[in-house]
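The structure is shown first.

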Amino acid sequence: MIYSYNPDLKLSPGTLTKLVTALVVLDSCELDEIVVCHSKNISRLPGGTQNAKIKELEEFTVEQLLYLLLMTGANDAAVALAEHVAGNMTSFVTLMNDKVHRLGCNATEFGNVHGLDNATQYSTARDMAKIYMRS
């Protein structure tokens, strides 16, 4: 690192959360796996947030959902992937936190899978750089 400014200041990771969601999915799934979107949690995402408008029982491959997640920032894709991998978002968040702690990111804690504001979620610039370098 050549220069840093407040690298250990804890801030909300925001949409960078989606990168960790994708890393956990890639550790757990094949790209051609079929995901059936059946969650009522998708419809509970706040209005006005970025979504792909995924419908109940709609089918996608993991790869398609990752594109929606990373290229368009679709929060509903994050929920669908999390529930496919772990059964529910709470269990998936545990996997996310385990993953970043294994990467040495001890000043990071995730509270959801999509990065929408959450009082229990934070990271630092130093930790996010570690995540990017190891992904």
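## Helix packing and cysteines

The crossing of helices α2 and α3 is left-handed. The model under discussion is a predicted one. In the contact between these two helices, α2 contributes Val 62, Leu 65, Leu 66, Leu 68 and Leu 69, while α3 contributes Ala 77, Ala 78, Ala 80, Leu 81 and His 84. Classified by residue type, the contact of α2 with α3 comprises nine nonpolar residues, one polar residue and no charged residues.

| Helix pair | Angle between axes | Axis distance |
|---|---|---|
| α2 (residues 62-71) and α3 (residues 75-86) | about 140° | 8 Å |
| α1 (residues 17-28) and α2 (residues 62-71) | roughly 165° | within 10 Å |
| α1 (residues 17-28) and α4 (residues 89-102) | about 95° | 10 Å |

With α2 and α3 at about 140°, α2 is therefore oblique to α3.

Helices α1 and α2 cross at roughly 165°, and an angle over 145 degrees counts as roughly antiparallel. The two helices are therefore roughly antiparallel to each other. Their crossing is left-handed. On the α1 side the contact is made by Lys 18, Leu 19, Thr 21, Ala 22, Val 25 and Leu 26, and on the α2 side by Val 62, Leu 66, Leu 69 and Leu 70. Eight of the residues in the contact of α1 with α2 are nonpolar, one is polar and one is charged.

Helix α1 also packs against α4, at an angle of about 95°. That angle makes α1 roughly perpendicular to α4. From α1, the residues in contact are Thr 17, Val 20, Thr 21, Leu 23, Val 24, Val 25 and Asp 27; from α4, they are Phe 92, Leu 95, Met 96, Lys 99 and Val 100. The contact of α1 with α4 divides into eight nonpolar, two polar and two charged residues. Thr 21 and Val 25 of α1 are listed in the contact with α2 and also in the contact with α4.

How many disulfides does the model contain? The count comes to zero. Cys 29 takes part in no disulfide, and the nearest cysteine sulfur, that of Cys 37, lies 12 Å away. Because a disulfide requires two cysteine sulfur atoms within 2.5 Å, the 12 Å between the sulfur of Cys 37 and that of Cys 29 is too far for a bond. Cys 29 is buried, with a relative accessible area of 11%. Cys 37 likewise counts as buried, at 2% relative accessibility.

Methods:
Residues numbered from 1 in each chain as written. Predicted model: local features only at pLDDT ≥ 70, side-chain atom pairs only at ≥ 80, totals over all residues. Heavy atoms only, no water. Buried < 20%, exposed > 50% of the residue type's maximum accessible area, 1.4 Å probe, protein only. Axes fitted to C-alpha atoms, helices over the stretch in contact; angles between N-to-C directions. Helix = DSSP H or I, 4+ residues; strand = E, 2+ residues; numbered from the N terminus. Parallel < 35°, antiparallel > 145°, perpendicular 65-115°, else oblique. Left-handed = near helix turned anticlockwise from the far one by under 90°. Contact = heavy atoms within 4.5 Å. Nonpolar A, V, L, I, M, F, W, Y, C, P; charged D, E, K, R; others polar.
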